[in-house]
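Q: I would like to learn how to read the features of a model. Please take me through this one.

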Amino acid sequence: MAIVFQKPKSLTSKELHYCPGCPHGIIHRLVAQAIDSLGIEGKTIGVAPVGCAVMAYDYFSCDMVEAAHGRAPAVATGLKRSLPENVIFTYQGDGDLASIGMAETVHAATRNENITIIFVNNAIYGMTGGQMAPTSLPGQVTQTSPYGRDVKLQGYPIRVCEMLSALDAPYYIERVAVNNVKNVNQAKKAIEKAFRNQIEGKGFSLIEVVSACPTNWGMTPQRALQWVEEKMIPYYPLGVYKDRGAEEVKA
Amino acid sequence: MAKVTFNEDICKGCGLCVDACPKQILKLDRSKINRKGHNPAVMTDQAKCIGCAFCATMCPDCVITVEK
Amino acid sequence: MAEKVLMKGNEAIAEAALRAGCLHYFGYPITPQTELTAYMAKRLPKTEGGVFLQAESEIAAINMVYGVASTGKRVMTSSSSPGVSLKQEGISYIAGADLPAVIVNVQRGGPGLGGIQPSQSDYFQATKGGGHGDYHLIVLTPSSVQEMADLTSLAFDLADKYRCPAMLLADGTMGQMMEPVALPEPHKSVIDKPWAVTGTQMKREHNIINSLYLSPEVLEKTNFQRFERYAEIEKNEVRFESYLMDDAEYCIVAFGIAARVAKNAITAMRKEGLKVGLIRPITVWPFPKKAIREAADKVKGFVCVELSMGQMIEDVRLAEECLRPVMLCNRAGGMIPGVDQIVSMTRSLVSSVEGGAR
């Protein structure tokens, strides 16, 4: 018998602190699996966000840098521009990437910065106890939208993939999910592609992973993943939003 | 022939593996409490396991190792 | 004697940084320091390994600096007062992660959007924090274009030596004026940085650049350890100029452009028989406390000349331990104190100390 599935080497032995059923664990594993497959652990440097994944620096065995809230793409830009042979990735939540860090996200994309961004969208601010996120759905009840997100007062959610794909520059943008095995497998492929693009010097790759927050959504892990299927994915459709590689082939 | 091993100590009893298993041969063992205070997931019928690794795919904590 | 070139202060900083082996610069245009950004934009792309990027904001720029600093490589950003306010969180992170980096503030009038003329009103921001938490920057205050170059070089060396960010706190006059300068010889960092993130190459445990310590015991320990380094800096790196202090009866304390004007005022006063000297801090952190305290044993009073509503004066008062009167001679909003004003204020001090005009 051979091992067909085991914990990736580029995850450390530290036990994850995430809530039971939190998809961060799945997504961390997919990133680690990509790093292992591509054999790049020795030259990878990851940038951790502020959010539930703030301690990601303890979970990946590559060199890691903790960034200020929202600033990971800028930190990654500094890292990549000074160490162009290294592989630089950021791992960010919806507040980090689409609220406080929106300028850094857009500008890294428009510079086609040769980095890999893993964007975890669970429509809520988990670490601080469940406040509204820029990706919280209309009507969604959170600690700072206790009567449901009122689009008249609090605006509409931001679809990051659609928005960034309007820019000319970014190389690859795909939205995936991890709510069932089929989606996890597609997410794994997308994340590996996002790293491979960087190795090949192609430019900015962002993978938005539609995720869940059972604790702050007030649901069991099972119900939360169903909610992803029923409510999140219809609002944030899965698929490839930008693929300059494919466009180049067509041209 | 397939074998799954559970690192019971780090299981958080989230149950995602139980839902994912197409053969429905996993369960949370309510008679056990691991050192994290959870009911860990366990295999109930190893012979029926097809080594699909769906359980390990959905596990957020790399609790499961699959051999085939 | 090294050849001298006529240069603008802002550009002298940039050229000195390049010669100190700084190949990475991130900035954003803001008056009165934009020439520094423009100089780097021109030179770095033509320099082997050079990285120039105009960032989307001063916040992005300081975070790009943090990224490069994590790799151990020399890196700089520059801005002016409102932009430096934006950088404060990033500076706190750089300090909290014990990273070397150089930040240049070419000060303008404030607060708020303020004006574009020179000031020294970010002294508190530079020396008392600015960003959150317990930390210090090594803060250098040039008083000539030559010092704009020399102190930039020194800033990189000190930052590397102590794993601490350093700030060049210039006023707008220093940035804009042109003077002959003998540029420093090119040199590189010689300090080993085993803590840097460069990729493990699978040969070592991973390095983590971080300032988060959720355990208060651990966070407290890092604070105390950092302050041990600051104690070393205070012991070893105080720099100041002592001008005509040997026989001085009154002492002016001033830095930057204020010190230049003060020297002219001292010349005028000495002609009238008034024995005034100058202590010119070159580091305002660490502050030349000992020099001020020793002067307090000899002189009858101090005049602080500042382009602010009085910030350095508090450090002077603390240093001289209330032994002598300290008066403030100041302008704000971009105005520069003149010789007459300094003379007049010193004479007021003399009157109040000795009674009757002298």
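Q: At what angle do helix H11 (residues 289-298) of chain C and helix H12 (residues 312-320) of chain C pack?
A: First, this is a predicted model: local features need pLDDT of at least 70, side-chain atom pairs count only at pLDDT 80 or more, and totals for chains, interfaces and linings use all residues. Residues are numbered from 1 along each chain as its sequence is written, with chains lettered from A and ligands numbered from 1 in the order in which they are written.
Two packed helices are described by the angle between their axes and the distance between the axes. Here the angle is about 60 degrees, and the axes of H11(C) and H12(C) lie 8 Å apart. Axes are lines fitted to C-alpha atoms, for helices over the stretch in contact; angles run from 0 to 180 degrees between N-to-C directions. Helices (H or I, at least four residues) are DSSP runs, numbered from the N terminus, as are strands (E, at least two).

Q: How are H11(C) and H12(C) oriented to each other?
A: Angles under 35 degrees count as roughly parallel, over 145 as roughly antiparallel, 65 to 115 as roughly perpendicular and the rest as oblique. H11(C) and H12(C) are therefore oblique.

Q: Which residues of H11(C) and H12(C) meet?
A: Contact means C-beta atoms, placed from the backbone, within 7 Å. Lys289(C), Ile292(C), Arg293(C) and Ala296(C) in H11(C) meet Val316(C), Ala319(C) and Glu320(C) in H12(C).

Q: Which elements does chain B have, and in what order?
A: Chain B has 2 helices and 4 strands. From the N terminus, they run β-α-β-β-α-β.

Q: What box do the C-alpha atoms of chain B fill?
A: Taken along the principal axes, roughly 30 × 20 × 15 Å.

How values were computed
Contact = placed C-beta atoms within 7 Å.
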